[in-house]
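This report concerns salt bridges and nonpolar cores. The sequence and structure are shown first.

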Amino acid sequence: MSAQVARNARELLLKEYRGALSTLSKAMPGFPFGSVVPYCLDEQGRPLILISRIAQHTHNLQKDPKCSLLVGEREADDVQAVGRLTYLAEAEKLEDAAAIEAAAERYYRYFPDSANYHKAHDFDFWVLKPVRHRYIGGFGAIHWVDQLTLANPFAGKAERNMVEHMNSDHSKAIAHYVQTCRPANPPNWPASTAKVCTCVSASRCTGCRLQHLAIRRHRCERPWFHWPMLRPGRKKSPSALEFTQWRRHLRWTGKAFLR
């Protein structure tokens with residue numbers, strides 16, 4: 001397996017924001033139980049989910065933490081010709097107060113509305129600890145990937161400062177990135193000009209990783225995308241002040257945001 005295969009699988013996990021969670025049924029022993037969950041990646045690059053205590057998949061995980069998360073490229077005419085990833089994991093509920101606070105701060109940036117039902121109802125954060133991964137990049141491109149997740153070197157105060165800096169000082173640049181990303185006749189953008197303007201102007205930076213800047217588009221079907229932050233051939237991690245220089249490096253393919 002090449003390093004490029006692992007990178008392709010990692011980028012698919014990064015750019016998607018929801019997947020099919022399969023757990024082992026408590027009510028029907030021996031049967032898999034599927035559900036759909038939103039997720040974002042934690043500081044170690046692992047999927048972080050927020051699930052209700054009364055949900056069936058939560059009861060299943062409490063009995064047996066083994067699970068898988070299936071994510072795949074959407075908007076494809078032939079789903080078997082595009083990338084998909086099965087992330088095999090053991091789920092672990094966050095118990096430490098500091099870990100829960102850090103998870104909430106990160107998760108709310110990606111899913112702002114979740115703060116309301118997390119505080120008002122019985123929801124808990126769970127992290128999916130990786131075991132192994134099965135990545136299919138198209139017909140015949142089938143691979144087992146053992147090492148997929150990468151820790152985020154900006155996680156914590158540095159990332160929060162970068163996000164605040166982008167949103168407070170570079171809102172026009174963010175709007176430009178979003179407008180630049182808009183392809184011709186996009187299927188997942190609002191139809192009216194007014195809604196498109198809102199989608200662009202109200203977009204916010206939500207996170208920063210080693211090579212990518214995450215931007216959330218306002219009220220769009222695909223709510224966020226990732227802007228590449230490293231110039232070709234560069235290995236040094238970027239600084240917050242360099243964010244505005246990366247607009248020229250975005251390449252829109254309609255299926256992937258990163259190359």
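The side chains of Glu-92 and Lys-129 form a salt bridge, with N and O 3.3 Å apart; the term denotes a side-chain nitrogen of Lys or Arg within 4 Å of a carboxyl oxygen of Asp or Glu. Because Glu-92 belongs to strand 6 and Lys-129 to strand 7, the pair ties together parts that are 37 residues apart in sequence. Strands (E, at least two residues) and helices (H or I, at least four) are DSSP runs numbered from the N terminus. Glu-92 is partly exposed at 36% relative accessible area, and Lys-129 is likewise partly exposed at 34%. Here buried means under 20% relative accessible area, exposed over 50%, and partly exposed in between (1.4 Å probe, protein chains only).

## Basis of the values

The model is predicted: local features need pLDDT of at least 70, side-chain atom pairs count only at pLDDT 80 or more, and totals for chains, interfaces and linings use all residues. Residues are numbered from 1 along each chain as its sequence is written, and side-chain values use heavy atoms, with hydrogens and water left out.

## Further salt bridges

The whole structure contains 9 salt bridges. One of them joins Asp-122 to Arg-53, with the closest N and O atoms 3.7 Å apart. Asp-122 sits in the loop between helix 4 (114-120) and strand 7, and Arg-53 in the loop between strand 4 and helix 2 (56-63), so that distant parts of the chain, 69 residues apart, are linked. Asp-122 is partly exposed at 45%, as is Arg-53 at 39%. Both residues belong to a salt-bridge network that also includes Lys-93 and Asp-124.

Asp-146 pairs with Arg-132 in another salt bridge, the closest N and O atoms being 2.9 Å apart. Asp-146 is exposed, at 52% relative accessibility, whereas Arg-132 is partly exposed at 32%.

## Nonpolar cores

A nonpolar core is a set of buried Ala, Val, Leu, Ile, Met, Phe, Trp, Tyr and Cys residues joined through side-chain atoms within 4.5 Å. The largest one has 25 residues, of which Leu-13, Ile-49, Leu-69, Leu-85 and Leu-128 touch the most other members. Helix 1 (3-15), strand 4 (47-52), strand 5 (66-72), strand 6 (84-93) and strand 7 (123-136) each give two or more residues to this core. Helix 1 gives the most, with 6 residues. Apart from this core lies another, of 16 residues, including Leu-50 and Val-127.

Beyond its neighbours within four places in sequence, Leu-128 is in contact (heavy atoms within 4.5 Å) with residues including Ile-49, Cys-67, Leu-69 and Tyr-87.
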